[in-house]
Amino acid sequence: MDAMKAIRALVMVVFIGYLFIWVMTPTNVYRQKWLPSIRAKTSSTYFGVQGSTILIYTFPILFIAALGSVYLHFGKKISGGEKESCSSKKNRVAIWKRPVIIQGLGIVSRIELAFFIMFIALLVWSFSTYLHISFAKITPKSAAKSGEEVWEAKLDSAALRLGIIGNICLAFLFFPVTRGSSVLPLFGLTSEASVKYHIWLGHIVMTLFTAHGVCYTIFWAVTHQSSEMLKWETTGVSNVAGEVALVAGLVMWATTFPRIRRKMFELFFYTHYLYIIFMLFFVLHVGISYACITLPGFYLFLVDRYLRFLQSRQRVRLLSARILPCETIELNFSKSRELSYTPTSIMFLNVPSISKVQWHPFTVSSSSSLEAEKLSVAIKVEGSWSKKLFQLLSSPNSVDRLDVSVEGPYGPVSTDFLRHDTLVMVSGGSGITPFISIFRELIFMSETLKCKTPKIILITSFKSSSDLTMLDLLLPSSGTPSDFSKLELQVEAYVTREKQLSTENKMNIQTLWFKPNPSDAPITPILGQNSSLWLGAIICSSFLIFLLFIGILTRFYIYPIDHNTNKIFSYSTRAVLNMLFICICIAITASASFLWNKKDNAMETKQIQNMDGTTPQASPNSWFYNADRELESLPQHSLVQSTNLHFGERPDLKKILFERKESSVGVLVCGPKKMRHEVAGICSSGLAANLHFESISFSW
């Protein structure tokens, strides 16, 4: 614990210093005193001017990422020990986590709002400081020397500064979408919960870069320099590359707006691969020396992306599928015992028989503590991909095996539900999924570890009676202990569009078992049991090898031509070589780590290959059987007794929540936007200080 505190303190010192550099960057003190002094001490025949940029902007973040890997390693061991001892942490920043509903941002905590305001303040400060300094140098005389009017010279200056401010946002853009990040957990974040930051930053980046491009287009038009749009300078800024990057960014941006993204998700999905074009031509536009300012976030993203690629090449062992009448599927996979994950985690699936390129995120419904050798995800039919999967598995001539690849699972480092006296879980429709994993985890803690667990109140709303069968997923499939007699459970299930229990088209829940394939493997940690330490090793070693490569390249190839003048050797060639070395270094170190750890999983894979005959089946000629489980005959009678059904009405959430008088009530909500905002409004009203709100992300 002391080591973790020391690491976190060191990380905060480095991060504050990193932010301080961003604050000082636009000032004359930094540009005229600090930067020249640093360059004088760091410039060499091995790195040139690029060396100082790497030292100031790249090294601190990669150092934090390496420390974060060690922090995660200790955190997993400590959280495991806390689970065994049933200990819990007191939430000392609860007041800062209270929700606030902001138009355009949605539900944010007070601490998120504070950081957002500070970030906007940084952008405003930087832009205003740049303009103040640059405009002070623009006079009628100086503008006349360039054949320009004063306003034209100021437009030129403002256009340049808009691009520079956009680079600040770009430097942070890729951190939220690095799924296996070692940086986000240091700040109590997960990639799934941080996607909103990526969205905010993306909108700001493209607004600034678009304004940057439009202003320059106007400037070139009024000064009769339209030919500048076609210039690709050898040793300067390449305008053509910037235009290509901007067009790629605009295409991506156009598909991100909610209405387009929801109706044409595949268009959104495929156009986002243009980030490769965007980043490549951005580097060619500004040059690699300047691009190192935005390099660290993208570097960590590339490490994570390549590791995900390696994991996705392996087909995993799919054991069975539970098919519910409400067009919901629970897929059950084999997993290694050393793979542990927390409740509310997500996993990305690819089914080549449906689409070889589409990957979809789904919420993990199992508990790695309760189900040590199985991992489950719940899938609700809500799009063309999930509809094809449901039709494939529910048809009379159903398949007896299915090839599946996965990425993940990804989730928070730890969860602490034991600190509350009561957990109120509010869900709408498919939003119940993350609560399934929480419920199963609490079963393990109460029944196996004998921990004192909070009272659970599940308030869930469905459209029709058939959706009630989703409550069956609260209990693991056969073969896993599911007694929860020590849990205090209350389920309030609301069917909003029916007045009574419908018996039309009643179907049983069905279970489909799949034949094993010798090439299938259980889901394992991609970098083994000590994956966090391996990730840190990859980050450090790949970056050191990269520095070695560019040092040799600069000293023995570029320096003899350019002599650190940056006026002879092509910027584009230097940028391409640097990016190539980055990719090679990441590929070498990540592949070596992956292959080393793959050996440790060989024994478990061999055991999976011998699983023929262990799979239950209804008859010698069939792999499909009815589980004969209806809502009225759930295997645990106590679940039925704990469930109250309400028809033709919606839950009165304000009444239910305000009636809770316990000292600490955790309020978790997952469902439609309107429901989340309603619960957030109740918890932030100040009328009940004991309500602690948390919005849960989920994927179907």
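1. Of the protein's 700 residues, 54% count as buried, where buried means under 20% relative accessible area, exposed over 50%, and partly exposed in between, with a 1.4 Å probe and protein chains only. This is a predicted model: local features need pLDDT of at least 70, side-chain atom pairs count only at pLDDT 80 or more, and totals for chains, interfaces and linings use all residues. Residues are numbered from 1 along each chain as its sequence is written, and side-chain values use heavy atoms, with hydrogens and water left out.

2. The secondary structure comes to 21 helices and 16 strands. Helices (H or I, at least four residues) and strands (E, at least two) are DSSP runs numbered from the N terminus. Among contacts between residues at least 6 apart in sequence, 80% join residues at least 24 apart; contact means heavy atoms within 4.5 Å.

3. The protein exposes about 31,900 Å², and carbon and sulfur atoms supply 61% of that area. Accessible areas come from the Shrake-Rupley method with a 1.4 Å probe; for residues, only the protein chains shown count as cover.

4. Which residues form the nonpolar patch on the surface? They are F20, V23, V29, W34 and W125, with about 420 Å² of accessible area together. The elements that give two or more residues to this patch are α1 (2-24) and α2 (28-42). W125 is found in helix α4 (residues 110-136) and counts as partly exposed because its relative accessible area is 38%. Patches are made of residues with over 30% relative accessible area and no salt bridge; like charges are joined within 9 Å, and nonpolar side chains (Val, Leu, Ile, Met, Phe, Trp, Tyr) within 5 Å. A salt bridge is a side-chain nitrogen of Lys or Arg within 4 Å of a carboxyl oxygen of Asp or Glu.

5. A positive surface patch is formed by K463, R497, R650 and K674. Lys and Arg count as positive and Asp and Glu as negative, while His and the chain ends are not counted. The place of a charge is taken as NZ of Lys, CZ of Arg, CG of Asp or CD of Glu. K674 is found in helix α21 (residues 673-683), and K674 counts as exposed because its relative accessibility is 71%.

6. Some backbone geometry deserves a look. Most residues other than glycine have a negative phi, and most peptide bonds are trans. The peptide bond from G408 to P409 is cis, with omega near 10°; P409 has its place in strand β8 (residues 405-410).

7. T344 is not a glycine, yet has a positive phi of about 75°. T344 lies in the loop between β4 (328-334) and β5 (346-350). Is T344 buried or exposed? T344 counts as buried, because its relative accessibility is 14%. N566, also a residue other than glycine, has a positive phi near 60° and lies in the loop between α16 (531-562) and α17 (571-600).

8. T178 is in the loop between α6 (150-173) and α7 (191-222). T178 counts as buried because its relative accessibility is 4%. Leaving aside neighbours within four places in sequence, T178 is in contact with L184, S191, G297, L300, F301 and D304.

9. K486 is found in the loop between β10 (455-462) and β11 (489-495). Apart from neighbours within four places in sequence, K486 is in contact with S446, E447 and K450. The C-alpha atoms of K486 and M445 are separated by 9.9 Å, with the two residues 41 apart along the chain.
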